[in-house]
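Dear colleague,

I am passing on the structure we spoke about, together with some notes on what came out of it. Please read the notes with the coordinates open beside them.

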Amino acid sequence: LAPAEAEALVRALQRSELRDIGGQGWLRQHEYVEKLNMHGILSASAGQEQLLTELLVTHAKIPVLIGELISVEIWKHKIFPMLCRLEDFKPRSTFPIYVVLHHEASIINLLETVFFFKEICESAEDSILDLIDYCHRKLILLAARSTKAQAVTSAELRAELLASPSCMQADPVPPQELQKQAEMMEFEISLKALSVLRFITDQVDSLPLGALTRMLNTHNLPCLLVELVEHCPWSCWEAGKLKKFENGTWHMVPPEDQVKMTKLDGQVWLALLNLLLSPECQRKYRFDGFNKSQLLKLRAFLTDVLIDQLPHLVEMQRFLSYLAVTEPAPPKKDLILEQVPVIWDHILKKNSGKWEAIAKYQVKHAFSPTEEELKLQARRWAQTYSLDMMEALATDKPRCRVCGVEAAKRCSRCRNEWYCTRACQVQHWQKHKPACNLMA
C-alpha cells in the first residue's frame, strides 16, 4: 500500500454495532482491516512496519480494533449458534458468514504484528484491560484443548481457511459445518492471542493502573502459562512421531530437532519471565501455597538445553530455587480504585435479550444475498486479495487443489486455483465451477 492509501484505510476504521455485522458497511470495514493486515505482514517481513504503527497511534485506532475484536467474539458466542439453529435459514452461500468468522483472525493477526511496539501498547489506553481479558479467554481454550486432546491434524485445522478467498467461495456447506470450521480457526486465533499477551507483558511498566493486578491476581496468568508449558497444545505425538504446529501447519519433527524451542514455546517463557521477575510483579503477586507449587513445576522443564537456547532463563532458574526455600512476603495491600474492562459488558448489556432478533435481522439483511450481490462481493474480494499480494504472503510453493503436490498450472478464468495437471483440473471442475463463476 502507498502511504496515502494506508492512512486513508486507517482513518476509515470505526466501531460497528453488533446488529450491523455482516452488512454492506461492515463488509467494507472488513476489507480495510484485511488490506491493513496483509500490508502489516509484508511491511514487518521487510522491517518497515513503523509507518503503520505511527498511523494507528496517531489516529487512535487500537481501541477501535480491540472493540471490533470483542464484538465479533460475542457474535460468535451469541448470534452464530442461533443462526445455525434457525430452521428457515438455508443460505445460497455461506461465504458472508465465513467472512465474519474470518474477521476475528484478521484483527488478532494485525494486532500481533503491531503490538511489538511500546507506543501501540500505550495507545490502547484503558482498552488494554479488555484485550487482556480477551487473551485470557483464548489461553483458557488452549489449556482446555491440551488436556482434552493433544492431536489436531493439519487436515482438521485447515489453516488455509484463514487466508484463501477461493476456499471462502467454494461449494456452500451446511451451517453445522461452518461451526466446525469456526472451532478449527479458534486454535490459531488463540495462538495469536498468546503472542499478543506476551508483547503486553513486555510493557508492564507502562500499563494502565490495574492492568498488572488483573493479569497477576484476577486471572492468575502465571499459573495458566505454567499449564501451557506442562501440556504444550501446539505439539503432539502421533504414531510414535513428534508433531509441532508452526507457521500455520502441523509438521513432523526429526529426532535431532525435538528439543529445539519453537516460537510459541519462547512466547510462553518470555511472558513468564516478564510476569515473575519484574520487581513490581513480585510485589503484587500472591505467592500462596497453590501458586508456589504450580510455579515450581517449571523447574523440571528448565534443562541445560533449554537454557542454552534462551539464556535469560538462568534468572528464572535462580528465582525458582529461591522460591523453593523461602516464604515470600504477602503482597502489599494498596488502597486503589481498580479499573475494570468495559467493552465486553457494554456490548452484552446493550444487546441483552435481543440475540434472536439480531440473528433473524441478519439472516434477512446480511446472510441471504442474491446471486447478483454475491457476484459483486466476490469481485470486490478478488481485488482485495490481489494475486501479487497473496503470492507475496505465501511461504510455500502453490499446491494442487486435488492431489496436494507442487503445482505450476492455474485456472485461467479466476486465477485462484492451482493444479499439477489438466487431469486434476478437470476432476475438480464441478466443485470449482460455482466459485469460478463468482470470481471470473
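Which element gives the largest share of the lining of the largest cavity? Before the answer, please keep in mind that this is a predicted model.

The count comes to one cavity of 30 Å³ or more, and the space in the largest cavity is about 30 Å³. Its lining is made up of L13, Q14, Q29, V33, V64, L65, E68 and H103. Two elements, α2 (24-45) and α4 (62-78), each give two or more residues to that lining, and it is α4 that provides the largest share, with three residues. Sorted by class, the residues around the largest cavity are four nonpolar, three polar and one charged.

The other region I looked at is built from strands. Strand β1 (residues 235-238) runs antiparallel to strand β2 (residues 241-246), and the two are joined by four bridges, with E238 having K241 in β2 as its bridge partner. These two strands form a hairpin with two residues between them, and in its turn A239 has a positive phi of about 55 degrees.

On the other pairing, β2 meets strand β3 (residues 249-252), again in the antiparallel sense and over four bridges, and here K243 stands opposite M252 in β3. The hairpin of β2 and β3 likewise has two residues between the strands, and N247 in that hairpin takes a positive phi near 55 degrees.

With best wishes

Key
Residues numbered from 1 in each chain as written. Predicted model: local features only at pLDDT ≥ 70, side-chain atom pairs only at ≥ 80, totals over all residues. Heavy atoms only, no water. 1 Å grid on protein atoms, 1.4 Å probe; cavity = no way out; pocket = protein on both sides within 12 Å on 5 of 7 lines; lining within 4 Å. Points joined across faces, edges and corners; volume = space filled by probe spheres on them. Nonpolar A, V, L, I, M, F, W, Y, C, P; charged D, E, K, R; others polar. Pairing = 2+ DSSP bridges.
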